[in-house]
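Please have the sequence and the 3D view open while reading.

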Amino acid sequence: MMNEPPGSELSASSQPSEPSDLIERSEPAEPSEPDATKMRLLPWSTPDDRPCFLITDGAGGPVSDLADSIEEMQLGIGEELLRYARAMHADPKVPDREFRFLSRRLAEALGDALRVARN
C-alpha cells in the first residue's frame, strides 16, 4: 500500500486527502460527560486497619470483581451465622462461651454487611 503510485485506487481509498475526511468518517461524537470517577470502599483494610478505596469509573475491572466476590462471601457468612444463632437460641443447653463466640462473629459479620450496604 505504501508503495502505490499517487493517484492509484489503493492510495486514494486508503489515505484521506484532507483532515476533514477523517471527521466525516468517524463515529458521531457523544456529548462530553463530566468526569464520572468514583471512590469505592473496598471490603478489606490495610494492615494497620485503615480503609481501602478504589478509584473507578464504574465500568468494573479485576479489583472491582474481586471486591464484589468478597462482599458476596461476607454476606453469605453473615447469613450462615444468623442460622447458627437461631438454632443456638432454640437450644437451652448451649454454653455461654459458645454464645460469646457467636456474638463476636455476628458483630464482625454485621460490620461487614454494614460496610457493603454503605458502599
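## Contact between α3 and α4

In this predicted model, helix α3 meets helix α4 through a set of listed residues. On the α3 side these are Glu71, Gln74, Leu75, Gly78, Leu81, Leu82, Tyr84, Ala85, Met88 and His89. On the α4 side they are Glu98, Phe99, Leu102, Arg105, Leu106, Ala109, Asp112, Ala113 and Val116. Sorted by class, the contact holds 12 nonpolar, 3 polar and 4 charged residues.

Helix α3 spans residues 62-90 and helix α4 spans residues 96-118. Their axes come within 9 Å of each other and cross at roughly 145°. The crossing of α3 past α4 is left-handed.

## Thr56 in strand β2

Thr56 belongs to strand β2, which covers residues 51-56. Is this residue buried or exposed? Thr56 counts as buried because its relative accessible area is 14%, under the 20% cut-off.

Apart from neighbours within four places in sequence, Thr56 is in contact with Ala36, Thr37, Lys38 and Arg40.

## The chain as a whole

The chain contains 4 helices and 2 strands. Read from the N terminus, the order of elements is α-α-β-β-α-α.

Of its 119 residues, 18% count as buried. The accessible surface of the chain is about 9,800 Å², and carbon and sulfur atoms make up 57% of that area. Among contacts with a separation of 6 or more, 39% join residues 24 or more positions apart.

Notes:
Residues numbered from 1 in each chain as written. Predicted model: local features only at pLDDT ≥ 70, side-chain atom pairs only at ≥ 80, totals over all residues. Heavy atoms only, no water. Axes fitted to C-alpha atoms, helices over the stretch in contact; angles between N-to-C directions. Left-handed = near helix turned anticlockwise from the far one by under 90°. Contact = heavy atoms within 4.5 Å. Nonpolar A, V, L, I, M, F, W, Y, C, P; charged D, E, K, R; others polar. Buried < 20%, exposed > 50% of the residue type's maximum accessible area, 1.4 Å probe, protein only. Areas by Shrake-Rupley, 256 points an atom, 1.4 Å probe, with all protein chains shown as cover.
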